[in-house]
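Dear colleague,

I am passing on to you the structure we spoke about, together with some notes on what turned up in it.

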Amino acid sequence: MRAEDLRIEDLLELDAREGVRFAGERALILDAVALGLLRKQLVETLGLSGARAVLTRFAYAHGWRMAEALRTAFEWQSEDEWRTAGALIHTLQGLVHIRLEDSNPLSPQGTLIENSYEAEQHLLHLGRSEVPVCWSLCGFGSGYMSRAVGKPLYVLEDRCVARGDAACHFAARTREEWGSQFEEHLPYFQGGGELDSTLHQVASALKRTERKLRERARALEQVAGEPEGPGGLVARSPGMRRVVDLARRAARSEATVLVIGESGTGKERVARLVHDESARAVGPLVAISCAALTESLLEAELFGHARGAFTGATHERPGLLEAAAGGTLFLDEIGEMPLGMQAKLLRALQEREVRRVGENHHRPIDVRVVAATNRPLAEEVAAGRFRKDLYYRLRVVELTVPPLRERREDILPLARVFLVDAARQAERSAPGLGADVADQLQRHDWPGNVRELRNAMERVVALSRGARVELEDLPEDVRAALPAPSLTGAVRTLEELEREYILAVLTRNAGNRTRTAQDLGIGATTLYRKLKRYEPATRRRKR
């Protein structure tokens with residue numbers, strides 16, 4: 001069979017039990033957007049050079065293996081046949097559409113490629129590039145042709161759609177034919193050198209981070225007396241334990257979750273727990289504050305936009321509902337979302353699709369939504385400021401995070417955790433909490449909740465001079481907190497308590513009534529009248 005006569009059915013085998021085979025070898029069907037998200041993660045983790053090296057070398061091995069498989073099935077002798085087959089395989093796999101500048105695909109004179117999935121995905125997830133980005137296509141073509149013709153050939157790209165060119169352009173040559181032009185590209189195809197050193201440094205940094213996380217967990221267990229709970233949450237109080245339990249159960253489903261609580265209570269931590277405990281944990285957790293953007297900007301952020309949709313939209317961009325594919329979208333401050341956007345969000349959640357700004361067609365989405373608010377949404381619905389249908393769509397599972405003043409059992413464990421974190425940042429040992437400081441922390445009402453407590457502990461670490469926290473190290477409003485009254489013994493009337501207190505102050509002032517009235521903040525006449533009323537009880541007590 002001639003290479004130009006190849007058909008997809010000649011190479012592709014489908015078996016209900018064994019799956020897919022391509023050219024006799026086991027094959028996988030991968031979604032283009034999923035590969036685009038992988039590229040995005042590689043770029044964000046390793047940088048452009050590191051990501052290019054990983055993708056190029058992987059694709060080189062892929063192309064080499066493909067040529068190996070074809071050599072067992074076909075006996076083409078000419079280099080042109082192998083070049084033609086390579087171009088057809090690229091097209092059959094859905095990677096590109098090739099339009100030839102001459103009669104030989106991947107010839108040294110060059111090949112024009114349209115609809116490169118790589119350029120498309122790079123634009124989708126990372127935006128416009130300054131350099132060509134079809135790294136996998138170059139790697140695949142290089143590996144395939146090197147194995148097919150029995151000598152090293154390297155495919156490079158000099159024009160790319162992701163760079164703004166009309167089409168992607170490639171050329172295949174030997175290293176000698178490329179000459180000095182190839183030197184800067186060689187590290188991406190072969191191991192060793194500065195690039196591998198960079199990748200090694202990245203891997204070492206990741207290992208150091210993992211080691212620091214393990215050390216932090218051990219330090220927390222030693223200082224706080226117990227490890228952090230799921231998702232880094234501290235939950236000793238019954239109320240917080242209920243929230244954690246419900247969040248973990250909700251995570252096992254695909255239900256939309258609404259997290260309600262005062263500012264600073266840790267709603268985003270609860271949302272992360274739902275994500276981390278779900279089947280979507282391998283996907284991204286994308287967060288956005290609905291209060292931080294105008295309605296038009298919020299729409300573009302959530303739904304994306306087409307190129308030229310508005311001034312400054314120089315390229316198309318997916319919205320967060322698309323970018324969070326396979327993962328979770330956290331909508332913070334959902335109560336601040338304008339009514340017009342609420343209607344569009346409701347439709348997207350119900351139909352599982354979005355329409356980008358400036359486009360007239362819809363795109364499917366695969367995302368789980370967790371929303372949070374510090375507003376009483378039921379009251380907002382009653383006042384007409386929040387859509388009732390969206391409210392019920394969001395609160396399939398509702399989690400109410402209690403304020404810190406209602407979970408006082410968590411105050412000291414949280415304080416110790418924050419002390420450890422702040423001390424590690426300052427590269428010093430975490431100071432301890434004395435009994436007087438611990439009492440004062442538990443007396444304060446913490447209107448700023450967990451966020452306020454964290455800030456207070458950062459201040460403590462910055463100001464403390466010894467191994468223990470002193471009262472003077474605490475913020476002024478925390479130091480000023482009064483002890484909560486406690487009830488011991490039988491209940492007594494206010495009149496009895498007032499009489500005993502006034503007589504105690506009078507005794508401390510050695511019977512000086514003028515000074516006693518000043519200390520109590522009452523007039524002398526008022527004090528005399530009260531003492532007159534107490535005289536019978538005083539005489540009885542003396543007898």
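Before the strands are described, one term is needed: two strands are said to pair if DSSP finds at least two bridges between them. Please keep in mind throughout that this is a predicted model.

With that term in hand, strand β8 (residues 257-260) and strand β16 pair in the parallel sense, over 4 bridges, and within this pairing V259 has L399 of β16 as its bridge partner. Strand β16, which covers residues 397-400, has one covered face made of V397 and L399 and an uncovered face made of E398 and T400.

Strand β12 (residues 328-332) is another matter, for 5 of its 5 residues are buried, and it is therefore largely enclosed by the rest of the structure. T328, F330 and D332 point one way from β12, while L329 and L331 point the other way, and all are buried. Strand β9 (residues 285-289) runs parallel to β12 and is joined to it by 5 bridges, with L285 standing opposite T328. Strand β15 (residues 368-373) also pairs with β12 in the parallel sense, over 4 bridges, and here L331 stands opposite A371.

If its neighbours within four places in sequence are left aside, L302 is in contact with I288, G319, L320, L321, L329, L331, M337 and M341.

In the salt bridge between R280 and E254, the closest N and O atoms are 2.9 Å apart. R280 sits in the loop between α10 and β9 and E254 in the loop between α9 and β8, so that the pair links distant parts of the chain, 26 residues apart. R280 counts as buried, at 7% relative accessibility, whereas E254, at 45%, counts as partly exposed.

K344 and E299 also meet through their side chains in a salt bridge, at 3.1 Å from N to O, and this pair links helix α13 with helix α11 (residues 295-303), the two residues being 45 apart in the chain. K344 counts as partly exposed, at 36% relative accessibility.

The salt bridge between R375 and E336 has its closest N and O atoms 3.0 Å apart. Because R375 lies in the loop between β15 and α14 and E336 in the loop between β12 and α13, the pair ties together parts that are 39 residues apart in sequence. R375 is partly exposed at 26% relative accessibility, and E336 is partly exposed at 31%. Both belong to a network of salt bridges that links E336, R375, E380 and R385.

Finally, how many disulfides does a search of the whole structure find? The search finds 0. C134 is in no disulfide, the nearest cysteine sulfur, that of C168, being 3.9 Å away, where a disulfide would need the two sulfur atoms within 2.5 Å. C134 is buried, with a relative accessible area of 0%. C138 likewise counts as buried, at 9% relative accessibility, and its sulfur is 6.9 Å from the closest cysteine sulfur, in C134, which is too far for a bond.

With best wishes

Conventions. Residues are numbered from 1 along each chain as its sequence is written. This is a predicted model: local features need pLDDT of at least 70, side-chain atom pairs count only at pLDDT 80 or more; totals for chains, interfaces and linings use all residues. Side-chain values use heavy atoms; hydrogens and water are left out. Contact means heavy atoms within 4.5 Å. Buried means under 20% relative accessible area, exposed over 50%, partly exposed in between (1.4 Å probe, protein chains only). A salt bridge is a side-chain nitrogen of Lys or Arg within 4 Å of a carboxyl oxygen of Asp or Glu.
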